[in-house]
Amino acid sequence: MRDVNADSHSVTPPAPTPLMARLAVPAGILAAVVGAFTYVAAVDPNEPGHYPVCPLLRVTGLYCPGCGGLRSAHAFAHGDLVSALHANAMAVAGYVVFAVLWTVWVVRVARGRPVRLDPGPVLLWTLGALLLVFTVVRNLPYGGWLHP
């Protein structure tokens, strides 16, 4: 009978990934976002001809939830929060939510903890309803303050 060494069948746990390797994806995402904001900051969307017009606005005259998003990003990149909010308040909220989620992501990755984002149906339906209400109100006569 053959004597089997217990060590030959044991599984060694994987070596911990170096911190820089774990932060590569969040750093890449941040670089892409910074690049996009840098471009929009340099190329003014308030001047015609630089960006395409929203197809929904062109065809129907209605503002979609994204209308004014580029103007909002341009103002936000230049530190003009009032103009950014006036152009698209939901976009500004999105910038803040992105910054918070990205920061939580980086901290968890740096500490070696798993990152799990499971918003659940209630949160997703709530966000969808909020976008719908925002879109409807900005197209009503008394919602003019939400026009870009």
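E47 sits in the loop between helix 2 and helix 3 (55–60); helices are DSSP runs of H or I with at least four residues, numbered from the N terminus. The model is predicted, so local features need pLDDT of at least 70 and side-chain atom pairs count only at pLDDT 80 or more, while totals for chains, interfaces and linings use all residues. Residues are numbered from 1 along each chain as its sequence is written, and side-chain values use heavy atoms, with hydrogens and water left out.

**Exercise 1.** Classify E47 by its accessibility, then find its distance to R71.

*Solution.* 
- Step 1: take the cut-offs. Buried means under 20% relative accessible area, exposed means over 50%, and partly exposed lies in between (1.4 Å probe, protein chains only).
- Step 2: apply them. E47 has a relative accessible area of 45%, so E47 is partly exposed.
- Step 3: compare sequence and space. E47 and R71 are 24 residues apart in sequence, and their C-alpha atoms are 10.0 Å apart.

**Exercise 2.** Describe how the axes of helix 2 and helix 4 cross, and name the residues in contact.

*Solution.* 
- Step 1: read the geometry. The axes of helix 2 (residues 24–42) and helix 4 (residues 69–77) come within 8 Å and cross at roughly 95°.
- Step 2: name the arrangement. Helix 2 is therefore roughly perpendicular to helix 4. Angles of 65 to 115 degrees count as roughly perpendicular, under 35 as roughly parallel, over 145 as roughly antiparallel, and the rest as oblique.
- Step 3: list the contact (heavy atoms within 4.5 Å). Helix 2 gives F37, V40 and A41, and helix 4 gives L70, A73, H74, F76 and A77.
- Step 4: sort by class. Seven residues are nonpolar, one is polar and none is charged. Here Ala, Val, Leu, Ile, Met, Phe, Trp, Tyr, Cys and Pro count as nonpolar, Asp, Glu, Lys and Arg as charged, and the others, Gly among them, as polar.

**Exercise 3.** Find the buried residues of helix 4 and what they pack against.

*Solution.* 
- Step 1: list them. They are G69, S72, A73, H74 and A75.
- Step 2: find their partners. The buried residues of helix 4 pack against helix 2, helix 5 (81–87) and helix 6 (89–110).
- Step 3: look at S72. Its relative accessible area is 0%, so S72 is buried. Beyond its neighbours within four places in sequence, S72 touches A84, A87, N88, A91, V92 and Y95.
- Step 4: look at H74. Its relative accessibility is 12%, so H74 counts as buried. Outside four places in sequence, H74 contacts V40, A41, V43, D44, P45 and N46. H74 and D44 are 30 residues apart in sequence, yet 6.8 Å apart from C-alpha to C-alpha.

**Exercise 4.** Locate the salt bridge and classify both partners.

*Solution.* 
- Step 1: state the rule. A side-chain nitrogen of Lys or Arg must be within 4 Å of a carboxyl oxygen of Asp or Glu.
- Step 2: search. The whole structure has one salt bridge. R116 and D118 form a salt bridge through their side chains, at 3.3 Å from N to O.
- Step 3: classify. R116 is exposed at 71% relative accessibility, and D118 is exposed at 57%.

Note on methods: Axes are lines fitted to C-alpha atoms, for helices over the stretch in contact, and angles run from 0 to 180 degrees between N-to-C directions. Helices (H or I, at least four residues) and strands (E, at least two) are DSSP runs, numbered from the N terminus.
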